[in-house]
Structures are given as structure tokens and as C-alpha cells.
Amino acid sequence: MTNIEKSCSPMVNKQTYTTDGKVRWLATEEDVNDKLISILGKKFEDYRKQWNAANRFELETDFPLFLQIETNQICNLRCPSCPIGTPEAFTKYISTEKMSWDLFEKIILEGEKHGCPSVEPQGTNEPLLDQNLEKQIKFASDHGFIDIMLNTNATLLSESRARSMLKSGITRIRFSLDAATKETYEKVRVGGKFEVTMKNIERFLQIKKEENLDLPVVGVNFVKTKFNEHEEEKFIETWADKVDFVVIQEFQPPELDNDYSAFLPSKSEYRNVLLNDFHCQQPWQRVLIRNTGEVCPCCAFFSSELSLGNVKDSSIYDLWNSQEMHHLRKLHKDGNYAENPWCKKCVNVMSCGSNQAAELLQIKNSNKKS
């Protein structure tokens, strides 16, 4: 990763790693990827070199390095920053369709054919609601994927599920929490019970320790908004000596037609990047395959607006190497994201909370320059 800096947080030997400013990884002792290289060896090291080169827009691979596979769009929580918990976004982007095992298998086997190293069997959902999850992870592991990752809200992480997940072949797991206290947690993770979630995570970590397992590496996730930003440092301190890494993530709007300025934290260096020099690496790294089979060039909740086609009808290879995808990668390499209307709306809403507010800000900035 790039942009490595020492942190003033009390987290011991912690460094901050980021590739684009949107997601900051706070790791103890060593970069998480260095730890994984020491466990998994040269194949993992070579993959991370490719990943870093793609992030620098220096390497355009023949096939994505990362497949994100959304098998369903079901969750047991109703978080206000997620499409499932936002009526306007739910209507536009959430469906009841479930991906068949045959389609999941087809995707994994194509990835194996092209040497794809990384997969996440998850999208806009709670993955533990899928009883085939461990089977999916094992299938990917058996077919050559070496970096298999997952985010979960941990509310359903029973002892038996923790043990089966630890045996599944998962490489990385992140617990999405967004809060350091019960009061804030139950406001931002609507439907979750703080004490239950904490007990589930603590038990998972204890079992991993008792079994003396190197993998998965474990992290916790904090999506920073105006409603929880006051707990950022406490969140880091709480988990500093318990997990391998802490992730602080910028708020991403669930859709682009309404005003989400109330969610934006009061301070964000990333907003300056968005307004002044934005380049999105995701079309260089990955595709997201929706539960419907739609293949999208990024993980945004609304990425189906940029659908490249459907994996039921086309190969991932052909969609990745399509003229449309090459053009999108070039736009972002050159910093011309605004030439794509959906990328422009995405940057506008992430920077200002609404597309209209961003347009007004851009007019003001133009007037200042003239």
C-alpha cells in the first residue's frame, strides 16, 4: 500500500496505510499484507505487487485481480447509511433474487482459469445469512483463490458458526461496527444489540487463539459519519490490542438523488482529494458481480448504473476487456472522471452530500479561479 505514515494514536507500533484516502488501514506491528506474505508465501507477494501496480495505474491486467460476488441482497439490520435501510435506495437497487450455486461455480471456475487471486463472496448483504457461505469459501480456496475476504456485522456469529468460519479457508475477516459505545452502535447499526455483537466477536477471537490459527487475519470497521465521528479514537483504542487491523472508512451514499449531507463528518481530508485530484482505482482492480449477474466496475451501492453486462450471457474476461471498461480505466487514470456522468455524481455526493450542492460548490470554485 502507499501513503504510509506513523500515527499519533496510542495503538502500539501502528501505521496508517491507504491507497486512495477513502479507506485507512491501521495495523499493528506490520502491514497486514506483509503478515499474509509471511504466511502464504511468494504467490501472495506477487499478487500484492500486481495490486499495488494496478493502484498506481501502471498495470492493466487481462483479468480482474479481485472478484466481489454478491450472492443475495439480504440483511438482518437496517442501517441508515445502507440501501437496505434506506427506502429510496432500496426501491432502486435491492432485489430478492438469489444467485444460484451453478452461477457462483461458473464465476469461480472462470477466475481459476485466469489465475484470479482474490475473492469476496459478499455485496450489499449480511453474508452469515447465507447457509452456503462456508461452502462458497471452501470452493474458492480449493480452486486457487489465496485472498478470500469477508465483512460481517457479527450479530449472527454463534459459537458453531465461528468454528465453521475458522475452518472454511477464509483469509481475512472484518467486523463492521461503526461505534465504540452501545448508545451510538444501536443508533447507527439499527437492529443490532451491542452486547451480543461484542460477545460474538470476543468468542471468535478466543477460539482462534485457542486453536492457534494464523488465519484469518481479523479487523474491525468504522464507517465515519457525523453521527459517530466523536468515537473514532475510542474505537481505535478499544480494538488496538485485540485485532490485526482497524479500518476507518469514509461514508458512501446509498444512492445519488437525495441529500446525504447530514451524514458527512465535520472533517475529512478525503473530501479535499475528491474535489481536487480524484482517480478511482477500482476499475483497475476488480469487478462486482451482483446477485442478478450484472457485472459492475466498482463496489458502490449504485454501481449497477455502470453495468458492463451480465455474467449469465458473457464471460468476465470479455467484459473486463471491453471497450467500455478500457475507456473507464483511462478516464480515471487521467483524472477525467467527470466525463462519466455516474462517476461525476458519485464524487459530487461523496464530497458534498448531494449532487446539487456539489454543482454549486464547483461553480463557486470556478468563479474564484476566474
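**Questions on a predicted model**

Author: Phe 57 has a relative accessible area of 12% and is therefore buried. The model under discussion is a predicted one.

Reader: Where is Phe 57 found, and what is its phi?

Author: Phe 57 belongs to the loop between α2 and β4. Although this residue is not a glycine, its phi is positive, with a value near 65°.

Reader: How do the axes of helices α1 and α2 lie to each other, and at roughly what angle do they cross?

Author: Helix α1 covers residues 32–40, and helix α2 covers residues 42–55. Their axes come within 7 Å and cross at roughly 145°.

Reader: Is Glu 70 buried or exposed?

Author: Glu 70 lies in the loop between β4 (66–69) and α3 (87–93). Its relative accessibility is 0%, and buried means under 20%. Glu 70 therefore counts as buried.

Reader: Which side chain does the side chain of Glu 70 join in a polar contact?

Author: Leaving aside neighbours within four places in sequence, Glu 70 is in contact with several residues, among them Met 99, Gln 122, Asn 125, Leu 288 and Arg 290. The polar contact, at 3.1 Å, joins the side chain of Glu 70 to that of Gln 73.

Reader: Which residues of strand β10 lie on its two faces, and are they buried or exposed?

Author: Strand β10 spans residues 286–289 and is covered on both faces. Arg 286 and Leu 288 lie on one side, with Val 287 and Ile 289 on the other, and all are buried.

Reader: How many bridges join β4 to β10, and which residue of β10 is the bridge partner of Leu 67?

Author: Strands β4 and β10 run parallel and are joined by four bridges. The partner of Leu 67 in β10 is Val 287.

Reader: Which peptide bond is cis, and what is its omega?

Author: The cis peptide bond joins Leu 215 and Pro 216. Pro 216 is placed in the loop between α8 (194–210) and β8 (217–224). The omega of this bond is about 5°.

Reader: Is Asn 212 buried or exposed?

Author: Asn 212 is found in the loop between α8 and β8. Its phi is positive, about 55°, although Asn 212 is not a glycine. Because its relative accessible area is 68%, Asn 212 is exposed.

Reader: How many disulfides does a search of the whole structure find?

Author: A disulfide is a covalent bond between the sulfur atoms of two cysteines. The sulfur of Cys 280 is 6.2 Å from its closest cysteine sulfur, in Cys 298, which is too far for a bond. The sulfur of Cys 346 also has its closest cysteine sulfur in Cys 298, at 6.6 Å, and so is too far for a bond. The number of disulfides found in the whole structure is zero.

Reader: Are Cys 280 and Cys 346 buried or exposed?

Author: The relative accessible area of Cys 280 is 15%, so Cys 280 is buried. Cys 346, at 17% relative accessibility, likewise counts as buried.

Reader: Which backbone nitrogen does the side chain of Asn 340 reach?

Author: Asn 340 is placed in the loop between α13 (323–333) and α14. With a relative accessible area of 15%, Asn 340 is buried, and beyond its neighbours within four places in sequence it is in contact with Leu 306, Leu 328 and Leu 331. At 3.1 Å, its side chain reaches the backbone nitrogen of Cys 343.

Reader: What separates the C-alpha atoms of Trp 342 and Leu 306?

Author: Trp 342 is found in helix α14 (residues 341–352) and is partly exposed, with a relative accessible area of 22%. Not counting residues up to four places away in sequence, Trp 342 touches Tyr 93, Leu 256, Glu 305 and Leu 306. Trp 342 and Leu 306 are 36 residues apart along the chain, and their C-alpha atoms are separated by 7.4 Å.

How values were computed:
Residues numbered from 1 in each chain as written. Predicted model: local features only at pLDDT ≥ 70, side-chain atom pairs only at ≥ 80, totals over all residues. Heavy atoms only, no water. Buried < 20%, exposed > 50% of the residue type's maximum accessible area, 1.4 Å probe, protein only. Polar contact = N/O pair within 3.5 Å; in protein donor to acceptor, adjacent residues only side chain to side chain. Contact = heavy atoms within 4.5 Å. Axes fitted to C-alpha atoms, helices over the stretch in contact; angles between N-to-C directions. Pairing = 2+ DSSP bridges. Disulfide = S-S within 2.5 Å.
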